[in-house]
Amino acid sequence: LTEESSLYVIGERQKLKGVKGDPLPGCKFIPVDVPSCADIRRSHRKLLRACAPSDANSDQSNFIWRLHDTGWLAHIRTLLQLAGAVVDLLDVQKASVLVCFEDGWDLTSQVVSLAQILLDPHYRTTSGFRSLLEKEWLAFGHRFSERNKQ
């Protein structure tokens, strides 16, 4: 990201592939590859099985391998990398950032919340974290009850 832009739009590569060049002056589209909701659910189920195996006699010595095989840590890495990119654009490059993912209920809220936690110490406090949840999750209409029924 060497050229100066006043607005960066971060979105899914599949959704932005039809955009030819940068149609708006001062606007730069940043396409990224993100896992699907189905991939996340599958990975989460594997994570639960790795952390709490149904077999009480399960060999715990290979937990690290089972954890790696879930793909969960790769998803966490992707979230942290996206949040880090947002932080860089906002704080270092002093640009505006629009984060828009097709399934914005989860990924968009996760990325912008992590970026705010990284940027502002207030959101690292109990009251700040509470206000962040209200602002970026509840007001945004996140469907917590539907996610917990998985």
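**Exercise 1. Work out which residues of helices α2 and α3 meet, and how the two helices are oriented.**

Solution. Start with the contacts (heavy atoms within 4.5 Å): S43, K46, L47, A50 and C51 in α2 meet F63, R66, L67, D69 and T70 in α3. Sorted by type, these residues are 5 nonpolar, 2 polar and 3 charged. Here Ala, Val, Leu, Ile, Met, Phe, Trp, Tyr, Cys and Pro count as nonpolar, Asp, Glu, Lys and Arg as charged, and the others, Gly among them, as polar.

Before moving on, a word on the model: it is predicted, so local features need pLDDT of at least 70 and side-chain atom pairs pLDDT 80 or more, while totals for chains, interfaces and linings use all residues. Residues are numbered from 1 along each chain as its sequence is written, and side-chain values use heavy atoms, without hydrogens and water.

Next, the geometry. Two packed helices are described by the angle and the distance between their axes. The axes of α2 (residues 37-51) and α3 (residues 63-70) come within 8 Å and cross at roughly 170°. Axes are lines fitted to C-alpha atoms, for helices over the stretch in contact, with angles from 0 to 180 degrees between N-to-C directions. The two helices are therefore roughly antiparallel (over 145 degrees).

**Exercise 2. Locate H75 and decide whether H75 is buried or exposed.**

Solution. First, find the place: H75 is in helix α4 (residues 72-92). Helices are DSSP runs (H or I, at least four residues), and strands are runs of E (at least two), numbered from the N terminus. Then check the area: H75 has a relative accessible area of 16%, so H75 is buried (under 20%; exposed is over 50%, partly exposed in between, with a 1.4 Å probe and protein chains only). Finally, leaving aside neighbours within four places in sequence, H75 touches P35, D39, I40 and S43.

**Exercise 3. Find which residues touch the most other members of the largest nonpolar core.**

Solution. A nonpolar core is a set of buried Ala, Val, Leu, Ile, Met, Phe, Trp, Tyr and Cys residues joined through side-chain atoms within 4.5 Å. Of its 16 residues, I10, F101 and V111 touch the most other members. Now see who contributes: β1 (7-12), β2 (27-32), α4 and α5 (107-119) each supply at least two residues, and α4 gives the most, with 5.

Key:
Parallel < 35°, antiparallel > 145°, perpendicular 65-115°, else oblique.
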